[in-house]
Amino acid sequence: MFREYREHDGLALADLMRRGEVSASEVLEAAIARIEAVNPAVNAVVRPLFDRARQKGAQVIRDAPFAGVPFLVKDLLAQIDGVPTGNGNRLWASRVASGNSELVDRWERAGLVIAGRTNTPEFGLTPYTEPDANGPTRNPWDLSRTAGGSSGGSAAAVASGMVPIASGGDGGGSIRIPASACGVFGMKPTRGRTPAGPFIGEAWSGFAGEHVLTRSVRDSAAVLDATHGPDRGSPHPLPAQVGTFLAASQRDPGTLKIAVSRQPMLGKAVAPEVIAAFDDTVKLLADLGHEVVDAAPPVEREAFSMAFLTALAGELRADIEFTAKTFGVKIRPGDYDASSFGMGLLGEGFTASDLITAHRYLTLSARSILGFFEDVDVLMTPVLSTLPVKIGALQPSAMEKKLLTVLGYVGGGRLLKKLGIAEQLAAQTFEFIPWTPVFNVTGQPAMSVPTSWSPEGLPIGMQFVGRFADENTLFSLAGQLEQVRPWKDRRPPL
C-alpha cells in the first residue's frame, strides 16, 4: 500500500508515477482504500466506479500531466458514458449516459482516472448537500455540520484525503461554498472557460460552469490548462489564453489593488468569526504589499435577490418537467426533494415575462458590477456569512414539506406567488451565501481560498473575484497566499 498517498497533490503524484517511484495501480488502490475507510462517515462518494477506474487507469497516456491520478466527478452535469448521472434525484439514479461530456473527455485525456461520482443536492439547488436520494454529505472537520453545496461531496472527498482533485459545478457559488466549508481551494472560472456540451447548451442560462476543487492551487491551474477552451457551438467564446494558468499560479502577482468588503450584498448579517477572519486576511494582504481599499460594487439587495430567485425557479421547474417527460410519468411531489419541488412550484407560478424581466434586470446589473472592476484588480469578500451550519439547519421544516406536497397536488404555484412567498424566500435564501451568486450573474472568475480557521477548528474561506477572463491574476494571488499561509498539511480529525 502506498502510505504516503495523502501527502501529495495531483501533480506530485503524477510525477512520482512518471519517475517510477510508485505504480499507477498502487496509487489507485490507495485512493480506493481511503474512500472505503472514510466514506461511510462522510458520505461523499455515492457511486463508486472502482472497476472502471482499474480498467481506464491501465490505458492512460503516461506523459499526460495527471497520468494515473485518482479523480472523482460530481453527480451532476458532466456525463460519463455508460454511467448514470443521478442529479441527486431518485428517478435519474438509474438512467445511464449515452456518451461522455466534452469535459469528461478532456479530464481523461489529461490522465485523470475517474474512481466514482460524488454527492450533490437535487439538481444542484441548495448550498448544502442533503438529498433524500443519497443522504447528507458531512463536513470532515465536524461530522455534525454541512459540507456545503452543491459540490459538497467533491469538497468533502478532497478535504478527507480520498482524492487530491474532484470536479464541481458552480451556478450560485457551488464550488466556492463547499470549498470554504471544507477548507480546500475552489476556482469558478470565467463563463465559457470550460466546455458545457454536447448534452447541455449552457447550464442555468449561463450562470453555471464546471471546474474542480483541489488541495493545491497549482492542481486547479493545471487542470484548467488541460480543459479550457470552447467546444462545438459554445455560446460564450473567450479571448485566447495568454500563457498557462499553471505558470500564473507560480509567479508573484506584484502589487495589486484589492477592494475589500465585509458588507453582505444579498443577505444582512455576518457572524463574528467570519468578520475576524476577514479582518485578518485584509491585514495579510496589506502586509504582502497590496493596495487595499474598502469598496464594493453596488448591488440592489432586494431587486437582485428576487430576480435571481425568479431565474432559479424557472430553471428548477424546467428540470422537473424534463424529468417527468423523460421518465414518462406525471409530476409527483414524492419524486423530488421538498426544496427543489418547492422552487419548481414557484417557477410554475411565474410567467414568461417574469422570467425575461428578471434576466434583463440581471444583465443590466452585471454591466454595472463589471464597471467597478475598471478601477481595481480584485475584490475580496467572505464566502459564507457564518461557519458551516449543522446538518438539517437549512432544510424546510416538516410542516413546510407537508404544505409543499399539498400545493403540488393542487397546482399551487400561482397561489405561492399571490401569497408573496417568493419575496419571503428571496429574502431568506441568500442569508448563508450573500456574496457568491452575484458573480455567477456577471460571469467573472471567482475563487475560495482557505485563509482562516475558526477557534474551534472550522475552515473559513475568503472569496476573491477577478476581472472578466482574468483567472491569471487570481491564480497568482492564490499561489502567494498558499505560500505565506499554507493549508495543505491541515488534516480534519477523521
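This is a predicted model: local features need pLDDT of at least 70, side-chain atom pairs count only at pLDDT 80 or more; totals for chains, interfaces and linings use all residues.

Visitor: Which strands do the two bridges at strand 6 join, and how do they run?

Guide: The general idea is that strands of a sheet pair through backbone hydrogen bonds, either parallel or antiparallel. Here, two bridges join strand 2 to strand 6 (residues 165-170), and the two run parallel.

Visitor: In what order do the strands of the open sheet come?

Guide: There are eleven strands, in the order 1-3-2-6-8-7-12-13-11-9-10, and the pairing is mixed. At the edges you'll find strand 1 (45-48) and strand 10 (291-294), each pairing on one side only. Going from one strand to the next, the twist averages 30°.

Visitor: Which helices pack on the sheet?

Guide: Helix 7 (residues 217-227) is one of them, touching strand 6, strand 7 (185-188) and strand 8 (209-214). The direction of helix 7 makes about 150° with that of strand 8. Helix 9 (residues 272-287) also packs on the sheet, and its contacts include strand 9 (257-260), strand 10 and strand 13 (459-466). With the direction of strand 13, helix 9 makes about 55°.

Visitor: How many residues of strand 13 are buried?

Guide: Eight of the eight are buried, so strand 13 is largely enclosed by the rest of the structure. To read the two faces, remember that in a regular strand the side chains alternate between the two faces of the sheet. In strand 13, Pro459, Gly461, Gln463 and Val465 are buried on one side, and Ile460, Met462, Phe464 and Gly466 are buried on the other.

Visitor: Now for the rings. How many aromatic pairs does a search of the whole structure find?

Guide: Eleven. Take tryptophan 92 and phenylalanine 322: their ring centres are 5.9 Å apart and their planes sit at 20°, under the 30 degrees cut-off, so this pair counts as stacked. The two partners are 230 residues apart, with tryptophan 92 in the loop between strand 2 (70-74) and helix 4 (102-109) and phenylalanine 322 in helix 10 (residues 301-327). Tryptophan 92 is buried, with a relative accessible area of 11%. Ring pairs also link Trp92, Phe322 and Phe327 into a cluster, and arginine 95 lies over the face of phenylalanine 327, at 5.7 Å from the ring centre.

Visitor: What kind of pair do tryptophan 141 and tryptophan 453 form?

Guide: That one is edge-to-face, with 5.6 Å centre to centre and 65° between the planes. Tryptophan 141 is in the loop between strand 4 (138-139) and strand 5 (142-146), and tryptophan 453 is in strand 12 (residues 446-453), so the pair ties together parts 312 residues apart in sequence. Both tryptophan 141 and tryptophan 453 are buried.

Visitor: Which arginine lies over the face of tryptophan 453?

Guide: Arginine 490, at 4.2 Å from the ring centre.

Note on methods: Residues are numbered from 1 along each chain as its sequence is written. Side-chain values use heavy atoms; hydrogens and water are left out. Rings of Phe, Tyr and Trp (its six-membered ring) pair if their centres lie within 6.5 Å; planes under 30 degrees apart count as stacked, over 60 as edge-to-face and the rest as tilted. Helices (H or I, at least four residues) and strands (E, at least two) are DSSP runs, numbered from the N terminus. Buried means under 20% relative accessible area, exposed over 50%, partly exposed in between (1.4 Å probe, protein chains only). A charge sits over a ring if NZ of Lys or CZ of Arg is within 6 Å of the ring centre and within 35 degrees of the ring normal. Two strands pair if DSSP finds at least two bridges between them. Axes are lines fitted to C-alpha atoms, for helices over the stretch in contact, and angles run from 0 to 180 degrees between N-to-C directions. Contact means heavy atoms within 4.5 Å.
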